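Thanks for coming. I will go through one structure today, starting with its charged pairs and then moving on to packing.

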Amino acid sequence: MQDFFRVLVSNLSIATGVASAFIAEFAGTNTRVRTLAFWADGQFIANQEWDLEGTPCQEVLQGGLCHYPAKVWRQFPKEEGIESYLGVPLQDAEGNILGHLAIFDKRVMPSEPRLLFTFQIFAARAAAELSRIRAIEQLRHSEERFRDLFEEAPIAYVHEDVESRFIHANRAAMGILGITPEQVPGMVGISLVPNTPDAQRRVNEAFASVGRGTDTSGVVLELRRKDNGKPIWIQWWSKPDPSGQYTRTMFIDITERILMEQEQAKLQAQNQYLQEEIKSANNFDEIVGRSAAIQSLLDNVRRVAATDASVLIQGESGTGKELIARAIHSISKRHNNPLIKVNCAALPTGLIESELFGHEKGAFTGAIAKRIGRFELADGGTIFLDEIGEIPLDIQVKLLRVLQEREFERVGGQTPIKVDVRVIAATNRNLLYEVAEKTFREDLYYRLNVFPLTTPPLRDRIEDIPLLAYFLMEKYAMKIGKKVAGISEKSMKRLQSYRWPGNIRELENVIERAIILADSAIIEVEADMLSGRTELTIKPELSNDASFEAVTRQHILAVLEQTNWVIEGANGAAHILNLQPSTLRYRMKKLGLAKSSR
C-alpha cells in the first residue's frame, strides 16, 4: 500500500508540475487526518497528522473539489508559506469519503483545464486503490461480511476456474463487463478479449501464469464489453486456489487512464511530427503574386477553406501545391488542429498502409510497438496527401473507405477507428489518364476531386516574377547573411524570358545561387545559371487544349535533353525536377521516354 501511494504522489507532482503532493485518510475521527504518502520538493518526507480545523483540507473533506490558485496563507494563517492549493475528496462507489488527495506549492497555481483533468485522473486512481485496500481490510473480519461485500464491493471480483469459466461475479464485475446475472454461470472470460496480437499475447501470458499456480498482480488486459462491444481496459489481480482448480480474481476499470495515456501518446506523436515540419521551414505565407492566375486560385482557396470538402490540387512540380494546401488549412475552421503531410511518393510500398493507418504491436515482423498512423494524428484537422497518384491500388481501396465511412483499422487490428479528417490531395499527374489506364480508381478520383484546384506554372505568371524574385532575394539574403539591394534590369528581363521548367522551386535555386555569387549589392543572374536556356525553348509548342500528360511528357523530355540525359547528381534531371531518381525513371518508362525520344 505504502509503495503504491508513494509512487502515485511522486508521479502526481511530476505530471502537474506542482512541488508537493500527499494522500491522507481520517485518523480515528472526522476532525483529524494522517498522510499515507507525502512528497515535497523532490523527495518523500515522513507521514504527518494534523487537525482539519483552519486548513483548506477541512473544506475538501466536506465534500467537494477545493482550488485556491493563490494566497492560501492569507485565508488560512496556519499554512504560512503556501501560495496555492488543490484538493479533492476520495470517495468510494457509495460516495463515502475515505480521505483526500492534495497538491500545493509556493507558486501560483492557475486554474488550467489540463491540470484539473490530470489531477482528477490521479484522484480517481487513488480513490480506487484506497477503496480496494478498505475492501480487503473488511474481508478479513468475517466470512459473512465477505459475502455481502462481494456483491456490493466497488471493485470487481470474479470466482472462476483456470480456463476462465465464471462461477460467481459481483455487481461491479458485471457492470464493467456488461453481463447480466443470468450470463455469469459458464461465462468464459477470455472470450471478451479482442483478437489482436497484443491483447492475445497479454491474456495468454496471464493465464499461463495462473496455470503454473503463480499469482498475477496488476496485469493490464484489453477486453470488449459483452453487451455493446465497446473496448475497456482492466487491471487484473488473480490468485489460484490451493487446489489449483479455481482462481480468485479482482480487477478495476482503468479505461479512463488508458484512454488518457493514448491521447497523450497521440499528442506526443503530433508534437514530434509538427516539430519536424517546423524544421522543414515550410511556410504557407510565401504565396506571392498579383497575376490574374494566382488571384483566381486564391479566391477559390478562400471559398473552399470554409467547407470540409475534399480538395484535389493539380499542377506541375514546383508550383506550390503544398503552400496552397497549407493556406486552405490555415484559414479553415480546423486551423487550431494539426495539418499532417504525407509524401506518398517517398513511402516504401510495403510501409504505406502502416504509415497512413498505423499498426498494432506484433502485426508484422519488426512491429515491436504500436504505431499511430497519419490519419489518426490528423483527427480533427487536415491530412495533405502529396503525390496521391503514387499510392498503390490496394491502398487506394482503404483510402476510399476512410473518405466514405470516416473509419479504418490499424494493420493487425480489428477495431474500427473513427476519424474526422479533411483530405487535401495533390498530384502532378493527369489522374483521368491514370483512371483510363486502370492505375487509379475512378471512385477514389471522384471522391478526391470534389473541389479541384490547379496551380499555374511560373511561365503563365510572368508578371509575378519580379515580386517573387525580390521576395526570394530578401529571404535568402537574410539566410546567407549578405546585404543586397536589388536585381539588375538585365537580369530581371532574363528571368522573365526564361520558361522555368522547374517553376518556383527552380527560381528559388537560381536566386539563392545568384546571391552567393554576388560581388555587389545588385545581384546578377547570368545566362549559365538558367540551365543553358534564356528564352522559351521547349519545342514543339503544345496547343492550349493539350493533355496534362502531354505537357508532363514534353516537360520531362526538355529537361532530359538540356542535361544530356543525365538523371542523377547536382546537375541531373531528377534534381532539376525535384524528383527521386527512381521516381523519374519510373515516369520515363511510363511515358515511353528513352534517349532516342524526340
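**Salt bridges, helices and core**

I start with a network of salt bridges that links Glu387, Glu390, Arg429, Glu434, Arg587 and Lys590. Keep in mind that this is a predicted model. In total, the structure holds 41 salt bridges.

In the pair of Arg302 and Asp299, the closest N and O atoms of the salt bridge are 2.5 Å apart. Both sit in helix α9, residues 292-305, and because they are three residues apart there, about one helical turn separates them. Arg302 has 48% relative accessibility and counts as partly exposed. Asp299 is partly exposed as well, at 32%.

The second pair is Glu322 with Arg326, a salt bridge at 2.8 Å, N to O. These two are four residues apart in helix α10, so again about one helical turn lies between them. Here, Glu322 and Arg326 are both buried.

What surrounds that pair? Helix α10 covers residues 321-330, and eight of its ten residues are buried, so the helix is largely enclosed by the rest of the structure. Besides Glu322 and Arg326, the buried residues of α10 are Lys321, Ile324, Ala325, Ala327, Ile328 and His329.

Is each partner buried or partly exposed? Asp420 is partly exposed, with a relative accessible area of 42%, and Arg334 is buried, at 6%.

On to the nonpolar packing. The largest nonpolar core has 33 residues, and the members that touch the most others are Leu356, Phe375, Ile383, Leu385, Ile388, Phe440 and Leu448. Elements that give two or more residues to this core include β14, α11, α12, β15 and α13. The largest share, five residues, comes from α13.

Take Phe440 as an example. Leaving out residues up to four places away in sequence, Phe440 touches Ile388, Gly389, Leu393, Gln396, Leu431, Glu434, Val435, Tyr445 and Leu448. Glu434 is also in the salt-bridge network I opened with.

Next, helix α17, residues 489-497. Its buried residues are Ser491, Met492, Arg494 and Leu495. Down the helix axis they fall within an arc of 160°, so they line one face of α17. The face turned away from that side carries Glu489, Lys490 and Lys493, which are exposed. Among the elements covering the buried residues are α16, β20, α18 and β21.

Helix α18 also holds Ile516. Together with Ile480 and Leu517, Ile516 forms a nonpolar patch on the surface, with about 260 Å² of accessible area.

Last, the overall figures. The protein has 21 helices and 21 strands. Of its 598 residues, 49% count as buried. Among contacts with a separation of 6 or more, 60% join residues 24 or more positions apart. The protein exposes about 29,500 Å², and carbon and sulfur atoms supply 50% of that.

Technical notes. Residues are numbered from 1 along each chain as its sequence is written. This is a predicted model: local features need pLDDT of at least 70, side-chain atom pairs count only at pLDDT 80 or more; totals for chains, interfaces and linings use all residues. Side-chain values use heavy atoms; hydrogens and water are left out. Buried means under 20% relative accessible area, exposed over 50%, partly exposed in between (1.4 Å probe, protein chains only). Contact means heavy atoms within 4.5 Å. Accessible areas come from the Shrake-Rupley method with a 1.4 Å probe; for residues, only the protein chains shown count as cover. The arc is that of the directions from the helix axis to the C-beta atoms. Patches are made of residues with over 30% relative accessible area and no salt bridge: like charges are joined within 9 Å, nonpolar side chains (Val, Leu, Ile, Met, Phe, Trp, Tyr) within 5 Å. A salt bridge is a side-chain nitrogen of Lys or Arg within 4 Å of a carboxyl oxygen of Asp or Glu. A nonpolar core is a set of buried Ala, Val, Leu, Ile, Met, Phe, Trp, Tyr and Cys residues joined through side-chain atoms within 4.5 Å.
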